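Here are my notes on the model, as numbered points. Please read them with the structure open.

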Amino acid sequence: MRNQGLSGAMISLMMPKCTQRAHTLSVIVPVYNEIGTVAPALEQLLKKVISGVAIEFIIIESNSTDGSRDVVLSYRDHPRVKLILEDQARGKGYAVRAGLQVATGDIILIQDADLEYDLED
């Protein structure tokens, strides 16, 4: 049986390009009386780059009494930092929930400023 119709014709199917949406990672960093570790932790975090992922850092400072707030304030103009200043310490859970309210990422991590968790993880 002979193919009648499109014999010899070239058919080109144009598929729309799949554009992969970039992901955003929100890193929530609660801070309370962490003067010995907060600056090194933030410096290391802000150097992080992940291909195809935008990273925002949400720092929640809970009215520290040891000078941690002054360190945190030095990052207030950093383009990847959102800063929340609490008027009193209400605990880590409260700080994390405050960070979650402003996070825009589709991936969320919590990183303590006391370097309890390895920053390479």
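1. The largest pocket of this predicted model has a volume of about 280 Å³. Its lining is made up of 15 residues, and those nearest the pocket centre are Leu25, Leu45, Leu109, Leu119 and Asp121. Strands S1, S2 and S4 (107-110) are the elements that give two or more residues to this lining.

2. Sorted by class, the lining of the largest pocket holds ten nonpolar residues, four charged ones and one polar one.

3. As for the fold, the chain has three helices and four strands. Read from the N terminus, the order of elements is β-α-β-α-β-α-β. Of contacts between residues at least 6 apart in sequence, 77% join residues at least 24 apart.

4. The largest nonpolar core contains 17 residues; Val29, Val31, Val38, Leu42, Phe57 and Ile59 touch the most other members. At least two residues of this core come from each of strand S1 (23-31), helix H1 (38-46), strand S2 (53-61) and helix H2 (68-73).

5. Val38 is worth a look in the viewer. Leaving aside residues up to four places away in sequence, Val38 touches Val31, Ser68, Val71, Val72 and Ala113.

6. On burial and surface: 32% of the 121 residues in the chain count as buried. The accessible surface of the chain is about 8,300 Å², and carbon and sulfur atoms account for 54% of that surface.

Terms used. Residues numbered from 1 in each chain as written. Predicted model: local features only at pLDDT ≥ 70, side-chain atom pairs only at ≥ 80, totals over all residues. Heavy atoms only, no water. Buried < 20%, exposed > 50% of the residue type's maximum accessible area, 1.4 Å probe, protein only. Contact = heavy atoms within 4.5 Å. Areas by Shrake-Rupley, 256 points an atom, 1.4 Å probe, with all protein chains shown as cover. Core = buried A, V, L, I, M, F, W, Y, C linked by side-chain atoms within 4.5 Å. 1 Å grid on protein atoms, 1.4 Å probe; cavity = no way out; pocket = protein on both sides within 12 Å on 5 of 7 lines; lining within 4 Å. Points joined across faces, edges and corners; volume = space filled by probe spheres on them. Nonpolar A, V, L, I, M, F, W, Y, C, P; charged D, E, K, R; others polar.
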